[in-house]
Amino acid sequence: MTLSAAQQSGAGARVIGPGATLGVLGSGQLGRMFTIAARRLGYRVHTFSPDQDTPTGQVADVEVTAPYEDLDRLRAFASGVHVVTFEFENVPAVAVDAIEELVPVRPSGTALFTSQQRGREKAFLAEHGFPTVPFARVDAVDALRDAVARIGVPVVVKTAAFGYDGKGQRKVSSPAEIDHVWAAIGGREVVVEKFINLQAEISVIAARGLDGSVEEYVPFENRHSRHILDVTTAPAVVPAAIAARAREIARAILDQLQYVGVLCVEFFVSTDTQLFVNELAPRPHNSGHLTIDAAVTSQFEQQVRAITGLPLGSAELLRPAAMANILGDLWVDGEPNWAAACAFTDVKLHLYGKAEARPGRKMGHLTALGRTVHDAQDRVIAARDALLS
Ligand code: ADP
Ligand code: MG
């Protein structure tokens with residue numbers, strides 16, 4: 001029997017210290033920013049995904065290109081690293097199981113299982129008393145009809161698996177639309193939920209360490225455009241009681257899941273100032289990118305610390321900040337004017353190394369620091385507008 005790297009160096013030791021090798025499943029921008037944070041701390045990083053010359057692979061020590069279903073390649077990958085994390089949560093459960101036999105996976109396969117499917121995630125939240133919007137899990141058109149009658153229109157129908165950026169979602173405003181919506185996205189499990197009039201959408205990004213300690217950022221406020229995150233501002237401008245409650249809920253969710261790593265909890269704040277958990281992301285999140293420039297410890301460094309057993313860093317926000325996504329749409333007239341955006345003081349440019357700009361594709365982001373949240377927001381939007389100048 002050959003020993004994995006983790007076994008050789010004594011996986012029993014609690015801290016996987018700098019110099020060790022971290023494995024990342026997935027190879028997008030989240031993995032890239034994780035890798036940069038890990039290398040700054042002196043770790044090596046190997047990434048595994050079906051793609052080549054990826055945002056993560058460009059900055060990692062080793063880029064493995066193979067399908068997630070290739071268990072032999074996954075085992076070989078696992079035996080070359082000390083701990084595995086993921087930046088892409090739709091990794092098949094069998095892949096995670098195969099790796100967990102060789103090396104720790106953090107967050108665990110169990111946490112991943114709960115949060116990678118919307119139906120299971122909502123059931124977990126409701127079962128443990130976390131506030132969700134009224135919802136039902138259904139897998140047949142008759143059951144959908146009953147659920148819509150019970151919850152009351154308008155509702156949103158969402159596919160239970162593999163949804164992101166609003167993909168696989170339909171609003172239903174009248175029961176007459178049910179057959180059409182079922183034909184379009186049904187045929188498999190869906191979640192039906194009450195449509196909420198939103199005052200704000202906020203997220204709390206929190207990390208839980210191997211020792212069970214938790215550090216969370218203040219709530220951030222998120223605005224979407226065409227269902228894709230557009231601008232995040234920090235701190236969120238919501239009543240203090242809502243902010244405190246959201247932080248408390250995020251901490252309780254991490255504890256309930258016995259989670260190790262970074263988790264993002266997305267919340268809705270309704271126009272009547274009720275707080276609901278919308279969904280969980282079992283990894284660093286787009287709304288936390290501003291922590292790189294605006295917090296004592298970035299969400300990516302926090303992920304490195306959590307999965308290696310290092311103490312978590314402070315999640316204190318140093319300045320009000322705003323982040324604007326740079327989507328592929330900005331390439332309509334050719335290469336954006338990077339110099340114009342970089343000319344703004346207190347604005348930082350982050351690009352992900354993606355060769356091809358497609359509409360809706362996340363190519364990079366800008367972060368602005370400001371005297372106030374509004375100042376930061378104005379600055380980041382002006383800098384993004386300047387990209388088209
Ligand atoms: P995704 O996985 O695509 O992020 P979400 O469930 O977060 O899916 O939905 C995307 C966006 O659609 C939300 O951020 C929110 O703006 C809107 N939305 C989703 N569900 C509801 C709802 N029940 N009521 C009102 N708006 C909703
Ligand atoms: Mg969402």
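Author: For counting charges, Lys and Arg are taken as positive and Asp and Glu as negative, while His and the chain ends are left out. Each charge is placed at NZ of Lys, CZ of Arg, CG of Asp or CD of Glu. On that basis the chain has 37 positive and 44 negative charges, and their mean positions are 2 Å apart.

This is a predicted model, in which local features need pLDDT of at least 70 and side-chain atom pairs count only at pLDDT 80 or more, whereas totals for chains, interfaces and linings use all residues. Residues are numbered from 1 along each chain as its sequence is written, chains are lettered from A and ligands numbered from 1 in the order in which they are written, and side-chain values use heavy atoms, without hydrogens or water.

First, the whole. The chain contains 13 helices and 17 strands; these are DSSP runs numbered from the N terminus, with helices (H or I) of at least four residues and strands (E) of at least two. Its C-alpha atoms fill a box of roughly 60 × 55 × 40 Å along the principal axes. Of the 389 residues, 54% are buried, that is, under 20% relative accessible area with a 1.4 Å probe and protein chains only. Among contacts (heavy atoms within 4.5 Å) with a separation of 6 or more, 63% join residues 24 or more positions apart.

Glu-266 (OE) and Glu-279 (OE) coordinate the ion at 2.0 to 2.4 Å. Glu-266 belongs to strand β13 (residues 261-270) and Glu-279 to strand β14 (residues 275-281), so the pair ties together parts 13 residues apart in sequence. Donors here are N, O and S atoms within 2.8 Å of the metal (3.2 Å for Na, K and Ca), and water is not among the atoms, so sites may look incomplete. Glu-266 is itself buried, at a relative accessible area of 14%.

Gly-309 follows α11 and has a positive phi, near 85°. In strand β17 (residues 362-369) sits Leu-366, which is buried with a relative accessible area of 0%. Leaving aside residues up to four places away in sequence, Leu-366 touches Ala-322, Met-323, Val-347 and Leu-387, among others. Leu-366 and Phe-267 are 99 residues apart in sequence and 23 Å apart in space, C-alpha to C-alpha.

Terms used. Buried means under 20% relative accessible area, exposed over 50%, partly exposed in between (1.4 Å probe, protein chains only).
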